[in-house]
Protein chains: 2
Amino acid sequence: MAKVLILSRDADEYRRLLEAADLPALEKLAGSKDPAEALALGNDFDIVFGEPALVRHVLGALPNLRWVQSIWAGVEPLLDPSQRRDYVLTNARGVFGGLMSEFVFGYLLFHERRIFQRFQAQQEMRWDRSSPGTLRGKTIGLLGVGSIGAHLAHTAKQFGMTVRGYTRSSESCRDVDTYYHGSGLADFASGLDYLVSVLPNTTSTRRIVNAALLSRLPAHAVFINVGRGMAVDEVSLIEALQNGRLAMAVLDVFEQEPLPPEHAFWQTPNLFMTFHTSALSLPADLSQVFIGNYHRYISGQSLLHLVDFACGY
Amino acid sequence: MAKVLILSRDADEYRRLLEAADLPALEKLAGSKDPAEALALGNDFDIVFGEPALVRHVLGALPNLRWVQSIWAGVEPLLDPSQRRDYVLTNARGVFGGLMSEFVFGYLLFHERRIFQRFQAQQEMRWDRSSPGTLRGKTIGLLGVGSIGAHLAHTAKQFGMTVRGYTRSSESCRDVDTYYHGSGLADFASGLDYLVSVLPNTTSTRRIVNAALLSRLPAHAVFINVGRGMAVDEVSLIEALQNGRLAMAVLDVFEQEPLPPEHAFWQTPNLFMTFHTSALSLPADLSQVFIGNYHRYISGQSLLHLVDFACGY
């Protein structure tokens with residue numbers, strides 16, 4: 001019999017969704033948006049389903065803990081080596097691809113279709129017949145091709161684009177036209193129209209988007225970061241945008257979040273910021289991830305979306 | 001042997017493309033951006049390939065005329081009943097779907113992803129975590145399902161949407177979930193999240209988007225017109241936007257183009273105008289349409305994309 005604790009700002013909605021799923025062998029189901037309040041509900045939970053930033057506060061207080069299902073893709077708050085690792089950690093995967101595609105292609109089309117410039121013309125009562133650009137025939141480079149990168153690659157093909165992928169070693173997504181690994185990074189980036197980072201925060205991805213990489217992109221290129229802020233050398237990115245060596249950047253993630261008021265990004269030209277909203281966790285989606293894994297847990301099967309504490313994803 | 005006259009602002013580029021195609025049985029190939037200049041090149045052309053607004057000026061001066069291939073989808077300038085109709089008229093089809101999809105879904109994503117609002121937050125140095133919307137699960141209604149409508153329907157399915165189609169009678173696009181015809185217009189529009197008109201300008205489409213139709217849409221709906229301006233009752237649309245009974249409208253086409261300076265659209269809230277640029281004719285695409293039809297012409301086959309002068313498309 002399982003005892004499940006939900007820890008999320010949306011705890012009430014998650015509880016409703018899990019109750020409706022009529023889970024087998026469920027002895028106890030409790031939820032809260034507050035770690036202290038949650039522990040008042042008991043310390044006998046073997047399963048925690050929630051936001052890593054909240055879950056970290058209860059790790060030490062649950063002697064029976066066996067499994068944590070994260071509501072997020074990124075699980076950094078649970079990776080601190082000083083914290084316990086004697087449980088199975090699974091993260092959210094396979095649910096963010098659609099939202100990420102809407103985000104990335106929304107901004108690429110915003111750029112190509114000159115939506116901002118067209119609106120400025122309208123404000124000036126100018127009949128602006130300047131030609132828009134198109135996605136068709138363009139080349140997109142994906143830094144990281146997991147489930148989100150694969151969804152982006154698929155959407156890119158729908159729009160008639162060429163797709164390059166940079167991964168540690170995997171080459172499993174057939175919507176990627178050419179794969180690059182390791183020292184092939186400079187070749188990967190050379191001449192890309194669009195560069196999109198979907199990379200998690202690990203020691204090998206830190207500041208991978210630096211001055212050397214950005215110098216490989218043509219001046220008309222667009223850079224989008226929907227992975228983690230640590231993957232970008234922020235000073236080099238600001239320089240590239242200020243000097244017109246990059247047409248546009250869209251950043252959903254940052255080294256420090258929320259972005260401090262004194263940060264130069266607030267004043268950087270051709271930069272669009274979206275404040276870590278590119279793929280919010282939707283309870284309807286995430287509860288499905290949990291329910292699927294719960295059935296595997298109850299029947300003794302191995303869980304999906306296991307996180308390797310050492311790799312960080 | 002065929003004699004071809006090109007009449008377009010891009011005449012030089014079209015001539016280069018057609019010369020490179022090494023067309024069989026081609027006796028003469030001439031091009032100009034000016035009708036008067038073109039007639040100085042001879043009056044013995046049997047084929048004209050060009051922009052309807054220019055072609056209309058040479059119709060009466062070409063005794064051997066047998067075929068006109070329009071560079072545009074819309075051929076209104078050639079439909080005036082006082083003009084000759086003793087030739088075969090074909091229009092441009094099958095080449096605008098991709099560009100139209102980029103346009104329509106670019107603006108829908110611009111709306112759902114709150115790109116404008118997010119930029120305003122950035123200007124105000126506000127860390128704005130408000131939830132964006134999504135295309136997934138939404139319902140789009142297409143007024144007109146020809147080759148452009150079919151492309152829009154296909155793209156909509158890629159984004160996980162439900163698709164309704166309103167047509168005179170055809171039901172051939174399998175990406176349309178439900179078809180409506182004739183008096184089913186009100187049912188078609190009821191509850192749509194997005195309404196997109198791809199309709200040509202005909203007597204039966206005139207002001208089809210009127211107060212009655214707009215009243216069927218929920219207040220969060222978006223209306224996009226990439227067909228012809230005459231399909232919209234402009235006064236009713238302005239009222240709906242001013243009174244918040246429609247969230248946003250995107251207009252590429254208008255009753256009068258260019259839009260006169262005194263037109264109320266310039267001051268209408270939540271209206272985005274794109275000045276008839278949604279799918280510009282690209283010579284590389286359009287020359288392929290011509291070349292395909294030219295081979296059919298030379299070998300005596302019937303041409304593709306025939307326009308019925310009475311129907312207007």
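A salt bridge here is a side-chain nitrogen of Lys or Arg within 4 Å of a carboxyl oxygen of Asp or Glu. Keep that in mind. This is a predicted model.

Start with the pair that meets this rule. B:Arg136 bridges to A:Asp285, with 2.9 Å between the closest N and O atoms. In total, 2 salt bridges link chain A and chain B. Polar contacts across the interface come to 22 residue pairs, both partners at pLDDT 80 or more.

Which elements of chain A give two or more residues to the side that touches chain B? They are helix H4 (97-112), helix H5 (115-123), helix H6 (147-158) and strand S12 (271-273). H4(A) gives the most, with 8 residues. By type, that side of chain A divides into 26 nonpolar, 14 polar and 10 charged residues.

Now the area. Chain A and chain B bury about 4,400 Å² between them. Carbon and sulfur atoms give 63% of that. On the chain A side, A:Glu102, A:Trp127 and A:Phe275 lose the most area to chain B. Together they make up 19% of what that side buries. Each chain puts in residues: 50 from chain A and 50 from chain B.

Is A:Thr274 buried or exposed? Buried, because its relative accessibility is 2%, and the cut-off is under 20%. Its side chain makes a polar contact with the side chain of A:Asp252, at 2.6 Å. A:Thr274 also touches residues of both chains, among them A:Phe103, A:Tyr107, B:Arg118 and B:Asp128.

Technical notes:
Residues are numbered from 1 along each chain as its sequence is written. Chains are lettered from A and ligands numbered from 1 in the order in which they are written. This is a predicted model: local features need pLDDT of at least 70, side-chain atom pairs count only at pLDDT 80 or more; totals for chains, interfaces and linings use all residues. Side-chain values use heavy atoms; hydrogens and water are left out. Contact means heavy atoms within 4.5 Å. Buried area is the accessible area (1.4 Å probe) that two parts lose on being put together, summed over both. A polar contact is a pair of N or O atoms within 3.5 Å; within protein, one must be able to donate a hydrogen and the other to accept it, and residues adjacent in sequence count only if both atoms are side-chain atoms. Helices (H or I, at least four residues) and strands (E, at least two) are DSSP runs, numbered from the N terminus. Ala, Val, Leu, Ile, Met, Phe, Trp, Tyr, Cys and Pro count as nonpolar, Asp, Glu, Lys and Arg as charged, and the others, Gly among them, as polar. Buried means under 20% relative accessible area, exposed over 50%, partly exposed in between (1.4 Å probe, protein chains only). Lists of a residue's contacts leave out its neighbours within four places in sequence.
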